[in-house]
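Q: Could we go through this model together? I would like to start with the overall picture and then turn to the details.

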Amino acid sequence: MTRPQPVIGRDNAYYWEGVAKGAVLIQKCTACGSLRHPPSPMCPECQSLDWTTVKATGHATLHSYTICHHPLPPWEEGPYAVVLIDLEIEDSDRRPRIVCGAKGIANEDLRIEMPLSLVFENGLVFAGPAREGGAS
Amino acid sequence: MKASLSGATAIVGIGATEFSKDSGRSELQLCLEACKAALDDAGIAPRDVDGLVTFSMDSSPSIMVGRGLGVAELRYFSLVDYGGGAACATVAHAAAAIAAGLADVVVCYRAFNERSGRRFGSGDAAIQARGESPMAQHFGYYSPYGLITPAAWVAMAARRYMHKYGATSEDFGRVAVAARAHAATNPAAWFHGRPITLADHQSSKLITDPLRLLDCCQESDGGVALVVVSAERARDLPGKEVLITGAAQGSAHDQQMMTSYYRDDITGLPEMGTVARQVWSQSGLGPDDIQTAVIYDHFTPFVLTQLEEFGFCGRGEAPDFIRDGAVHLGGRLPLNTHGGQLGEAYIHGMNGIAEAVRQVRGTAVNQVPDVHNVLVTAGTGVPTSGLVLSAA
């Protein structure tokens with residue numbers, strides 16, 4: 001069994017297409033400007049169907065995490081971390097959250113509130129050690 | 001006078017199969033055995049059933065259950081969504097249907113071979129979710145990263161709870177120790193005769209950090225059914241009345257299926273808060289009026305959160321509330337006196353409702369003295385439900 005691929009539909013294609021190109025895109029309501037994630041066709045704040053996206057800067061902080069030991073999926077070699085991160089968005093004080101994998105950080109070094117940077121690989125996004133200048 | 005379901009209906013029958021790891025028979029057969037047992041307990045002939053309610057996840061169609069029971073005509077049948085969050089809601093739907101005159105005798109059921117058949121803990125369901133459906137896309141945000149099991153979905157919230165309130169793995173472990181102490185003296189429990197210590201909990205293997213094996217409920221085969229009728233009809237039946245004085249569902253702002261990670265604060269269960277406000281309002285009761293509770297325990301951390309949502313203690317105070325044996329028999333609030341899903345069996349919360357009925361009847365193996373009102377909750381992390389059951 002190989003790693004599951006993202007499930008892409010009309011409502012969330014922008015997200016996974018962005019990740020495949022090396023960017024986390026967050027839905028932004030054109031009418032009221034609020035941000036939302038996960039994707040939804042309608043703005044929860046004002047019910048507008050019109051939206052655009054903003055690109056996360058690549059800087060993030062760790063909101064929570066778990067280290068999965070059992071069952072170990074066949075595509076993992078040992079206990080692996082899954083993280084919930086707060087994304088920095090330019091010119092916004094909102095910090096939308098996403099779930100992603102971790103890359104380049106030892107499981108035991110994970111600390112809530114630690115700074116992270118986004119890393120993109122094989123159509124997925126991961127949180128890696130913080131570095132200057134945001135995402136590559 | 002405000003309109004209310006409170007006290008209008010009663011649970012008059014409970015039935016169950018044995019709880020095992022390999023039932024050796026079909027889920028439909030387990031279901032029918034449980035339904036027949038519940039109707040026998042109520043003293044109601046199976047042909048008199050005219051309503052059936054179950055989980056949308058259940059595999060036994062109401063028409064096949066009705067056929068097996070020899071039901072003359074079904075007038076009400078409904079499915080409740082969102083996994084174990086449906087448990088108490090099946091009773092709420094039954095109560096509402098009876099109060100509205102849509103049915104007279106409603107059986108609520110849940111039966112599965114969850115251990116010998118498809119195991120929820122395998123992660124297969126999340127991995128295999130595909131297609132255009134919104135729920136498949138939902139699971140698809142997590143499955144590529146291996147966040148695929150109920151334990152892992154809960155662990156993410158539990159870790160943040162620990163960070164915010166300074167809770168520890170031992171705080172979670174105390175929930176399991178109490179459940180296994182109660183299971184140890186319940187002959188129907190899988191873990192009958194097998195209590196654990198906090199040291200056992202601490203040395204059990206990590207499943208998905210911070211959750212250890214003994215933080216996780218069992219996987220079980222079995223079935224449970226409950227019979228609901230009007231309070232008026234209940235008075236004419238042989239058994240002691242167990243009135244439904246509170247029955248409610250809840251889903252809250254930005255609700256997700258097991259992954260409500262996008263709210264400002266992920267250390268609460270606001271959907272259970274919605275349930276709590278309703279059942280307290282309906283019943284006119286509060287935490288001090290509850291002698292024992294059945295709090296859904298698929299994973300120990302959310303037992304703590306539920307105690308906070310229902311107001312048994314303040315936010316972040318549940319670790320202190322349970323520290324000195326308060327949730328054991330003889331404590332301030334004995335919890336899950338049948339052993340819970342950690343100790344008795346995982347029947348998606350329905351075995352807990354049966355235990356609440358026994359506590360009100362005074363027939364539980366681990367009976368709490370002078371029980372007037374019991375709180376029961378359903379699955380957490382999902383849209384959920386709750387009940388208050390009371391003596392007449």
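The conversation below discusses the fold of one chain and then its contact with another.

A: Please keep in mind that this is a predicted model.

Q: Fine. How many helices and strands does chain B have?
A: Chain B contains 14 helices and eleven strands. Its radius of gyration is 19 Å, close to the 21 Å that the globule rule gives for 392 residues, so chain B is as compact as a globular protein of that length.

Q: And how much of chain B is buried?
A: Of its 392 residues, 61% count as buried.

Q: What order do the strands take in the open sheet?
A: The order is E3-E2-E4-E7-E1-E8-E11-E10-E9 in chain B, nine strands with mixed pairing. Strands E3 (76–80) and E9 (292–294) of chain B are at the edges with a single partner strand each, so one side of each has no neighbour in the sheet. On average, neighbouring strands are turned by 25° against each other, direction ignored.

Q: What about E8 and E11, parallel or antiparallel?
A: Strand E8 (residues 242–250) and strand E11 (residues 384–391) of chain B run antiparallel and are joined by eight bridges. Within this pair, B:Ile244 stands opposite B:Leu389.

Q: Which strands does helix H1 of chain B lie across?
A: Helix H1 (residues 27–42) of chain B lies across E1 (9–16), E4 (106–113) and E7 (221–230) of chain B, and runs at about 130° to E1(B). Helix H3 (residues 87–99) of chain B also packs on the sheet, and its direction makes about 115° with that of E8(B).

Q: Changing topic: is H7 of chain B enclosed or open?
A: Helix H7(B) is largely enclosed by the rest of the structure, because 13 of its 16 residues are buried.

Q: Which strands pair across the two chains?
A: Strand E3 (residues 51–68) of chain A pairs with E5(B) in the antiparallel sense, over two bridges. There, A:Cys68 stands opposite B:Thr208.

Technical notes: Residues numbered from 1 in each chain as written. Chains lettered and ligands numbered in written order. Predicted model: local features only at pLDDT ≥ 70, side-chain atom pairs only at ≥ 80, totals over all residues. Pairing = 2+ DSSP bridges. Helix = DSSP H or I, 4+ residues; strand = E, 2+ residues; numbered from the N terminus. Axes fitted to C-alpha atoms, helices over the stretch in contact; angles between N-to-C directions. Contact = placed C-beta atoms within 7 Å. Buried ≥ 20, exposed ≤ 12 C-beta atoms within 10 Å, placed from the backbone. Rg over C-alpha atoms; globule rule 2.2 N^0.38 Å.
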